[in-house]
Amino acid sequence: MPTGRVKWFDVDKGFGFVIAEDGSQAFLHSSVLPEDAEVTKGTRLDYDVVDSRRGAQVLKARLLSADQGCEGPPTSGRRHGGYG
């Protein structure tokens, strides 16, 4: 199951793209997201992907919390997980 970040997502149209850690991209449709999920650029995801005739497509996605998944520096000086 690849891990990646949302490259862009149009809420009104219900789709966007996710980019994996290896740089590969996949189409992301709102129907494969958990119910009530709010997805924006940079949201971290674990997902299952399939190659369709139109290219890679996400089949199922799971949102990750800020301290899981893709490694990288935090976006602020505050630590994740309630350490202050």
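Trainee: How many of the 84 residues of the chain, as a percentage, count as buried?

Mentor: In this predicted model 26% of the 84 residues count as buried, where buried means under 20% relative accessible area, exposed means over 50%, and partly exposed lies in between, with a 1.4 Å probe and protein chains only. Residues are numbered from 1 along each chain as its sequence is written, and side-chain values use heavy atoms, with hydrogens and water left out. Because the model is predicted, local features need pLDDT of at least 70 and side-chain atom pairs count only at pLDDT 80 or more, while totals for chains, interfaces and linings use all residues.

Trainee: What elements make up the chain?

Mentor: The chain has five strands and zero helices, if helices are taken as DSSP runs of H or I with at least four residues and strands as runs of E with at least two, numbered from the N terminus.

Trainee: What makes the pair of tryptophan 8 and phenylalanine 15 edge-to-face?

Mentor: Rings of Phe, Tyr and Trp (its six-membered ring) pair if their centres lie within 6.5 Å, and planes under 30 degrees apart count as stacked, over 60 as edge-to-face and the rest as tilted. By this rule there are four aromatic pairs. In one of them, the ring centres of tryptophan 8 and phenylalanine 15 are 5.8 Å apart with the planes at 65 degrees, and therefore the pair is edge-to-face.

Trainee: Why is the pair of tryptophan 8 and phenylalanine 17 called tilted?

Mentor: Their centres are 5.7 Å apart and their planes stand at 50 degrees, so by the limits for ring planes this pair is tilted. Trp8, Phe15, Phe17 and Phe27 form one aromatic cluster.

Trainee: Which residues have the most contacts inside the largest nonpolar core?

Mentor: They are Leu28, Leu45, Tyr47 and Val58, in a core of 13 residues; a nonpolar core is a set of buried Ala, Val, Leu, Ile, Met, Phe, Trp, Tyr and Cys residues joined through side-chain atoms within 4.5 Å. The elements giving two or more residues to this core are β1 (3–10), β2 (15–20), β3 (25–29), β4 (44–52) and β5 (55–63).
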